[in-house]
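Good morning, and thank you for coming. Today I shall walk through one structure, strand by strand and helix by helix. Please keep the sequence and the picture in view as I speak.

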Amino acid sequence: MATITSLGVGSGLDLTGLLDQLQKAERGKLAPITQQKTQQQAKVSAYGQLQTSLNAFKDAVGKINDPELYQSLSANVQGEGVKATATADALPGSYRVQVSQLATAGTLASTRVTDQDAALDLQGATAFKLSFGNGDSVDIALTADSSLSDIRDAINADKESGVSASIINDGTGYRLALSSKESGAEASINSFSFVDAGGVAVAGPFSEDAATQQMGKDAMLKVNGIDITSASNQIEDAIQGVTLNIASLALEDGGTATSTVSVERNTLGVREAVGAFVKAYNGLEGTINNLTKYDSKTQTAGKLLGDSTVRTIESRLRSVMIGSVAGSELSTLNQLGITLQRDGTLKLDEDTLSDLAANSPDALSYFFAGKDEASGMAGQLTTTLTNLLSDNGTIKGAITGAENRVKSLDERYARMEKTIESTIDRYRKQFGQLDGMIAQMNQTSSYLTQQFDALDAQLGRKK
């Protein structure tokens, strides 16, 4: 039998085209597997979106599950330049703050030297002594060939120096400039000197320039008429539980700045936290609606339409949301001005919540935060959300299930491809055999035709 190198050459039939059609028909069996895999991958993505929304809701729930939120105080300032923050130790009240002086850091500069990098004649000095307003002093060790730059670097390298050193070129020479790291009279740099190994002062290569000295000052203020001094412009507990920051005040010489600090219950913080809780729940509902809706116009369904996982999540959350908190003056969300709408979202009555935050903070706290972390409405929701989002929870189980189905479909696809390849190979061999057989038959037919023609010629029958 003749060898066929290309299908159809021997027979003249379009066997290659026919094989392509058969292959296309066989590979059509893969389409349902591909479609199922795409659907499962879409579910994994959808579960991820749902998980993100659930985590955002859990974060919002966690913030209202804190009793301190409902007892927190805020410090409000009337007047410019003074800032105030309150802690849980603060007490409600109004305080008149009069600031007459800001705390400043001391500065001092040296006389000039001609070259900042040239070795100086230390005249036997082994240390550079810094003296401060509180009577303390610090010795900075010097080497025999120290330059002005070396002295600066030695001061800055010593964490206990209490000053920052720099070099200023005033156009005529170089000066060592010192600035206290902390503000206030006690931390102020008062003087410096060169001392020998015995601690005795020596003349040294330069001295203080008294005209450049600016002594550090304490802040001076009155709170409800009581004199207060502070080394810092951030003043703690002049008002119980309140920190005052007066650094941004602009005071004229001899002038004062007056502000009123009001410490009151932080209803804004409560309203923002509860509002964020409502917003996060509505965001979760929006995610669920998008994933489960059916658009009749485009005839497209959400990725999780009819999904049992979504129904489980909604059912468990709503059972808590429409439930009540036992032993509380406020027992349901409706009493807080939070109502469940027909579309599943929550609606918040700001006025009702503001009134409760201002006048019934304990009842609000008990409703959401309860007597312990798990007993209030927020605690119950946290428990439910934790279970839903845990490694063994509903969401992780659904994601794992969909991922396993994707893996199974990949394996099924691979097996089906091998089966199709085997089938096509069998067809190819059969077509090759058919092509060879037809080619041989054509050759035989041609041979017989030639013999009959020759016989006709011999018999004189050929015209």
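Predicted model: local features only at pLDDT ≥ 70, side-chain atom pairs only at ≥ 80, totals over all residues.

Residues are numbered from 1 along each chain as its sequence is written, and side-chain values use heavy atoms, with hydrogens and water left out.

The labels also need a word: helices (H or I, at least four residues) and strands (E, at least two) are DSSP runs, numbered from the N terminus. Two strands pair if DSSP finds at least two bridges between them.

Strand E7 (residues 163-169) and strand E8 (residues 174-180) are joined by 7 bridges in the antiparallel sense. Their hairpin has 4 residues between the strands, and there Gly171 takes a positive phi near 95°.

Let us turn to the sheets. Strands of a sheet pair through backbone hydrogen bonds, either parallel or antiparallel.

E1 pairs with E15 (residues 257-265) in the antiparallel sense over 6 bridges, and Val77 stands opposite Val261 in E15.

I come now to the helices. Two packed helices are described by the angle between their axes and the distance between the axes. Axes are lines fitted to C-alpha atoms, for helices over the stretch in contact, and angles run from 0 to 180 degrees between N-to-C directions.

How do H2 and H5 cross, and at what angle? The axes of H2 (residues 31-64) and H5 (residues 267-292) come within 8 Å and cross at roughly 165°. H2 and H5 are therefore roughly antiparallel to each other; angles under 35 degrees count as roughly parallel, over 145 as roughly antiparallel, 65 to 115 as roughly perpendicular and the rest as oblique. The residues in contact (heavy atoms within 4.5 Å) include Leu50, Leu54 and Phe57 of H2, and Phe277, Tyr281 and Leu284 of H5.

H5 also meets H6 (residues 308-321): their axes come within 12 Å and cross at roughly 155°, and these two helices are therefore roughly antiparallel as well. Phe277, Tyr281 and Leu284 are among the H5 residues in this contact, and Val310, Leu317 and Met321 are among those of H6.

Finally, consider Asn65, in the loop between H2 and helix H3 (67-71). Is Asn65 buried or exposed? At 15% relative accessibility, Asn65 counts as buried; buried means under 20% relative accessible area, exposed over 50%, and partly exposed in between (1.4 Å probe, protein chains only). Leaving aside neighbours within four places in sequence, Asn65 is in contact with residues including Phe368, Glu373 and Thr382.
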